[in-house]
Amino acid sequence: MQVGIAPQQLGLQLGSGAVIGGVIGFAAKKVAKLIAVIVGLELALFKFLESRDILSVDWNKLSAGLVQTGQAAGSSQPPSWVTTLLSTLSVSAGFVGGFMLGFHKG
């Protein structure tokens, strides 16, 4: 008994993964831009309120928390969903390509 995937099935999986990845990549870039604007405005507001002596911000603690989060993210094992995504390579390849294209065009 031979188990295999037909070329049409593989193409369908690759194409559908690319379309879904493109849509998600486009949306992710739009959301990332919105979050960057909100965080920038929030930091500017904090700085303004601090200059008026309305608010006191401990910038060292704020930046230390970001550094610790980045270090934890770099040293941890990948989540199980990443392993599952990689195990479905035909859909994943299309998804990654579509995501990159959508993120670039977004």
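Lys47 is partly exposed, since its relative accessible area is 48%; the class lies between buried (under 20%) and exposed (over 50%), taken with a 1.4 Å probe and protein chains only. The model is predicted, so local features need pLDDT of at least 70 and side-chain atom pairs count only at pLDDT 80 or more, while totals for chains, interfaces and linings use all residues. Residues are numbered from 1 along each chain as its sequence is written, and side-chain values use heavy atoms, with hydrogens and water left out.

The side chain of Lys47 forms a salt bridge with that of Glu50, at 3.6 Å from N to O; the term requires a side-chain nitrogen of Lys or Arg within 4 Å of a carboxyl oxygen of Asp or Glu. By this rule the count is 1 salt bridge. Lys47 and Glu50 are 3 residues apart in helix 1 and therefore separated by about one helical turn.

Helix 1 has 45 residues and spans 64 Å from its first C-alpha to its last, close to the expected 66 Å, which is 1.5 Å times one less than the number of residues. Helices are DSSP runs (H or I, at least four residues), numbered from the N terminus. Gly17, Gly21, Gly22 and Gly25 of helix 1 are buried. Val31, also placed in helix 1 (residues 7-51), counts as partly exposed because its relative accessibility is 47%.

Asp53 lies in the loop between helix 1 and helix 2 (59-75). Its phi is near 60°, a positive value in a residue other than glycine. Most residues other than glycine have a negative phi. Asp53 counts as exposed because its relative accessibility is 72%.

Note on methods:
Helices (H or I, at least four residues) and strands (E, at least two) are DSSP runs, numbered from the N terminus.
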